[in-house]
Amino acid sequence: MFIHEIGHVSAAYKYGVQVGKIGFGIYMAYLVFFVDMTNTWRLDKNKRLVNDISGIYFQLITTIPIYLITILKPNVSLYLTILIIMISSLMNVIPVLKMDGYWLLTDFLNVHNVQIKTKQSINKLFVELTKKYKLKKRGQVYTLSKSTYFYGIYSIIYSLVKVVCIIFVCYALILLFMGWDNLINTISLVFKSFIERDFSTSLILLNKIFILLIPLFILINVSLSIIKEWKNKKIGGKNKCLDVKV
């Protein structure tokens, strides 16, 4: 995570951009580092794209020395580390999540925030498709712009992912509250194993508790994001925090 952020900071300094606050927070239930890259909006399109991809670039570079070590001394843990880095990098480029892939898409299209226009994009796509269908029946030709297709399809995919996530979180929360006694019992076992200095058992149980609480963390995180967005709209503030990534 830290190396990923160094990549963004390095690119920013290369182009003479003042970096904002560097810190950590919670994103999608996970602890993440972030860098406020609001000032990169002053750069041209190509430089912003370089800045967006620099975190993943630095992240992938770290796999080279790890891989060289595995050649000299094969180790399952090191192979697993490389795999985790690769998976993390792939997840980072998914454009429906507000990670590097999202900002790559935003900067490539020269749009401030693609997701803000989700509802309008879907409405526009359906209006334009309806218009095209009606004109076609009359024997007239009507061509939709590529941007209308793109924004519309992206917005539909983003909305579907959002709905699926909401359903999953709601389902997981129901299971959590139904098994509340099991959670309390697991917490008591953590304290017991800690007192008995059985730290390996404590870590396993803590991991189990964390997995059970993930949907609750997501709910809290989403709620805070909604409140933050509402406050930003109210004061008319705009912010681009480029990286909220593990």
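Begin by selecting residues 146–178, which form helix H7. This model is predicted. Helix H7 has 33 residues, and the distance from its first C-alpha to its last is 48 Å, close to the 48 Å expected at 1.5 Å a residue.

Keep H7 selected and display its side chains. Which residues of H7 are buried? They are Thr148, Gly152, Tyr154, Ser155 and Tyr158, together with Val169, Ala172, Leu173 and Leu176.

Next, select residues 100–109, which form helix H5. Of its 10 residues, 8 are buried, so H5 is largely enclosed by the rest of the structure. The buried residues can be highlighted in order: Asp100, Gly101, Tyr102, Trp103, Leu104, Leu105, Thr106 and Asp107. Then move to Asn110, which follows H5 and has a positive phi, near 60 degrees.

Now clear the selection and colour the whole protein chain by secondary structure. The chain contains 9 helices and 3 strands. Starting at the N terminus, the elements can be followed in the order α-β-β-α-α-α-α-α-α-α-α-β.

Finally, display the surface of the protein chain. The chain exposes about 16,200 Å², of which carbon and sulfur atoms supply 71%. What percentage of the 246 residues in the protein chain is buried? Buried residues make up 34% of them.

Notes: Residues are numbered from 1 along each chain as its sequence is written. This is a predicted model: local features need pLDDT of at least 70, side-chain atom pairs count only at pLDDT 80 or more; totals for chains, interfaces and linings use all residues. Side-chain values use heavy atoms; hydrogens and water are left out. Helices (H or I, at least four residues) and strands (E, at least two) are DSSP runs, numbered from the N terminus. The expected span of a helix is 1.5 Å times one less than its number of residues. Buried means under 20% relative accessible area, exposed over 50%, partly exposed in between (1.4 Å probe, protein chains only). Accessible areas come from the Shrake-Rupley method with a 1.4 Å probe; for residues, only the protein chains shown count as cover.
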